[in-house]
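Here's a quick tour of this one, chain by chain. Have the sequence and the coordinates open while you read.

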Amino acid sequence: MRKKVVSFITVMLAATTIMSACSNSGGNNGGNTGSGSEATNSSATSGADSGKKVKLTAIMTKHPLTKPLKDMEWLQQVEEKAGVEIEWQEITADWDQKKGTMLASGDVPDLFIGPNVITDADMAQFQGLFQDLSGMLDQAPNVMAMFDAKPETKKIAEQPDGKIYGLPKYQRYWPSTATRQYINQKWLDNLGLSMPTTWDELYDVLVAFKEKDANGNGDPNDEIPMDWPGGIGGYFNAAYLLSGTGMTLTDGSPQGYFVEDGVVKNYLVDERYKSLVIFLNKLYKAGLINPEVFTHDYTKFQSVARGEGDTAKVGFTMGWVASDRFGEQLAPQYTSMSPLKATADSHVSWSYDYNSLNYGVNQIVMSAKSKNKEAVMRFINELYAPDMGMQVLFGSLGPNIKDNGDGSYSVLPPADAKMDPGTWKWTSTMADNGAFYIPDTLQLTLGKDMQEVLEQSKPIDAVTIDVDNDVFPGFLKYSSAENSTMGLNNTNVMNLANTNFAKWVTKGGIEGEWDGYVKESEKAGLKQNLEIMQKYYDDYKKQ
Amino acid sequence: MRVRGGILRTFVRDYQLWIMIAPAIAAVLIFNYIPMYGIQLSFRDFDFSKGLTGGAWRGLDYFRQFIDSYLFSDLMRNTFLISLATLIVGFPAPIILALILNQIRRKRMKNLMQTTVYLPHFISIIVLVGMMNVLMSPETGVIGYMMKGLGLGHINLIASTNTFIPVYVLSDIWQHCGWNSIIYLAALSTVDPQLYDSAKIDGASRLQMVRYVDLPALVPTIIILFILSMGNILSTGFEKIFLMQNSLNLPVSEVIATYVYKIGIISNQFSYASAIGLFNTVINFVFLFAMNAASKKMSNTSLY
Amino acid sequence: MALKGLGGKELAFNIVLFALCAVIFLIILYPLYFIVIASFSDSTLVSTGKVLFFPKGTSLFGYKEIFQDSRVWTGYRNTLFYTLFGTLVNMLFTMPAAYVLSRKEFKARRPIMFLFVVTMFFNGGLIPTYLLMKDLHITNTFWVFILPFCVNIFYLIIARTFFETALPAELYEAAVMDGCSHFMYFAKVALPLSKALISVIGLYYLVGHWNDFFTGLIYIRDNNLQPLQIVLRDILLSNQVFQNGAGTGGGAASGGYAQRYADQIKYGVIIVSSLPILMLYPFLQKYFEKGVMIGSVKG
């Protein structure tokens, strides 16, 4: 999905040919941190300081906002320390389209960086194209350190046969869920209502939002009581209400899969989902849901909630953080809510997204065709250095991070006052799309935006989640055949689910059609997928 | 023997013609025909380590998989309906537009009109669909307001199984009708003015002149373009449909092209995707073939 | 006198014609007008339906952003070169071939035409094509915009049909009597009589090159070779919100700053990218006006 390039290949082509003679003579220039320097010496001869750097090519799938990589100070340092000079191809869009052709034709760079930039399925399909790093890790002590301190990072990096093609990242600071629930407290106060705690109370509150002039601008009809980005599943979705039935989602369960007491299930064919759809249909019929919920795009979804000046438009919705969802001006009107109970005596849960927010697989992958594997490993090692991780994530020491001098650090506010901290972060550095390791021992004070996120997560944090038995483990490694079967099945199942969900919410009729739908979903491959996932889940639990 | 001599003689006689067409033949052979070995991917597994043509031979397995897929009939129906609607409504539109524009006598008005109608062609599909969403929004769009004003009530044009095809086809006409009429306008510009003069002398009205002078002048172009568009009977614009899709109109908007995309992107199923593509192509080709034969018989006009 | 000459029927015809044109004009123009005002307006107001007839929250932010980017100028330069040079090559390959295929006495025309038509439907797919380009060493060079697929079969067929219908057989016979070869007849008679055709096909090719996005996407890795369309898409995306959910990306970044102007840039990009080619059209259009063939044929 990303594209953008900064490579000057025509100029470099000649240079690369000349330089390839020196391919093994990169070497470190003595600036390595800790144990890193020893390993990189193996192939290094002299001359690193005289500018004979190893030329590498790399692709980075970065965020469109991110500035050119060559402008990142920390990255210059990493390249410097590793004795390499990387010619970056920066991709911000259409990576999937480019990738297929690139991999199938074998025309690949030395290095790929990006979130799951090469998937497990790619690795299985393009055997021999990617370098197995498992035997080379002694050249990257910083990566070994990560594997030692966080054994799960090794687990999610290893293929079933023990090979490691892609290295993960670990960033630890993100909360346990991506989605928080917000309600307009000012509206509640204006209308003298109390905070809803169950679905039925929510209904009553939304009706009041709808019928009265909740935002007090004189127009009783411009309030949108409830909104979500559309469809079923994923972050910020109405499916999060299912937590009120005691169901624990995993990463927002974009395709409906969740675990309950060690059993893999899919809510799309669960009775509790049926009751949610009935409830949503009741809301929709009463005009309480944005009528454009199934058609608006994300831009519109966001801009509607930003209201007009001080006048809020949306009553109840979900989002990452209030200032992002409603804009700085309206954010103070909203409060983060506890999960709503389906009925007064329901047990509540929420979605557990910690793994997908804090870990990432295949963030960096090496080509097996690379002529400078040692140099690539040196680069990887420097990238995973403990004091580099925070710079990959938040930006360079200096403009983005302050060294407090006592071994602790703080993330600085944006230099451009007009910019919010999130945009600033994404502009300044690779951010979450990079490959890095942030040790748990690092003392870093986060920026205002992350503190806000953590603050607003408190109502959710109060919910206890049985991570061992109710959460689907992230990053399981399926075999390539099962991967493609499941992909195919999920496409079909989601086709059915999306269509029916939209129809049932807007027009009703779920009672009569439910049984047929469940059967059809199972036939479309849901049953097969659940069997596969259960098998892998059980294996995972046994370990 | 006579035939061989004939061929040789034509080579000698027409050597200039051969020289003129040689570059085009060379270009087509190199850039179109050489890569065609890739078609066998539809009949083989894609196996990277063995190269593009080294995977195990699967015969028609992938085609069978597609035909047996439970979405097959829906996909075929949707694809066919959308293409057919585009053909029936969309094909005559530029012809009519060209005939109308050709009637404008005032030069400046004609220029203004021509330039205007061809403008929408340059809008990218992403923007077009974005615009449709804004303009047709039942709450805030100008078309939404107009429909409310006309008492048509609260219909969400972009999210209904009934309105998807009309909206798709009409927006297509809006965007490309002017552009497609260029070719007809050019054809009309070659009509001999003497024909108009003699028609006038015969007392023909303007409408009759359109009917008996302009339209016949367009016939060869119309036939050729019609045959070519029949060859696209199962081709629908992927990007636009994909962007227009939402969960409410999905029952009618899922077409072969969008399905292939979803399958391909999710699981890199090169072989399966390639087989579905080939299936689609073969059907198109058969339609083109049949149309061409029919046209050759009826009007003596043919593609080849 | 002239007015009298217009019978009642003629008048009615003109009125209907005018009314039709007015309707078509408005239907086509309004959405375009909308793009223009949207490119000047605050995009939150646009997407909430507040901007319908007049720009609101006017700012030139979108245009500023677009033109401040040095890549835009590189893109413009590249696209201009690819378009002009590419179209020239297209015409050199297409027109002679179309002429040859229109000659009835050219015995091989049917099989060759069939050979061409097949390629409209069957292709080897992206990967073999990519490998071919790689072997020819034209990936990541400007040649990849020019050479591959320099004959569009669709346009070739149109051109052939024109030559067939617009060049009467008598004309060629007369030319042969004057001692004209095919080369000379094509260059001296056929081409000059086909200005309308040349301008149409040329325009089609031109626009094709101008809007070509895919070639740059797949075959070009060097930023300095990227065409305008790719550059504009980059700018567009860098101002897009975090469509896939702020959460996955670690969030909070979609912030008002980037978001408010996303659409404004989107609409600005359309205008920036299509304006040059729009200005070209009226220039080419004048060739349609001349009933070019006629004089020499029947006269």
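## Chain B overall

This is a predicted model. Take the contacts in chain B between residues at least 6 apart in sequence: 66% of them join residues at least 24 apart. On secondary structure, chain B has 15 helices and zero strands.

As for burial, 40% of the 304 residues of chain B count as buried.

## Where chains B and C meet

Chain C puts 77 residues into its contact with chain B, and chain B puts in 71. On the chain C side, helix α2 (residues 8–40) gives the most, with 14 residues.

Over in chain A, three strands make an open sheet, ordered β14-β15-β16, with mixed pairing. β14 (401–403) and β16 (443–445) of chain A each have a single partner strand, so they sit at the edges with one side lacking a neighbour in the sheet. On average, neighbouring strands here are turned by 25° against each other, ignoring direction.

Strand β15 (residues 408–411) of chain A pairs with β16(A) in the parallel sense, over three bridges. Across from A:S410 you'll find A:T445 in β16(A). Helix α15 (residues 386–394) of chain A lies across β14, β15 and β16 of that chain, running at about 150° to β14(A).

Technical notes:
Residues are numbered from 1 along each chain as its sequence is written. Chains are lettered from A and ligands numbered from 1 in the order in which they are written. This is a predicted model: local features need pLDDT of at least 70, side-chain atom pairs count only at pLDDT 80 or more; totals for chains, interfaces and linings use all residues. Two strands pair if DSSP finds at least two bridges between them. Helices (H or I, at least four residues) and strands (E, at least two) are DSSP runs, numbered from the N terminus. Axes are lines fitted to C-alpha atoms, for helices over the stretch in contact, and angles run from 0 to 180 degrees between N-to-C directions. Two residues are in contact if their C-beta atoms, placed from the backbone, lie within 7 Å. A residue is buried if 20 or more other C-beta atoms lie within 10 Å of its own, exposed if 12 or fewer, and partly exposed in between; C-beta atoms are placed from the backbone.
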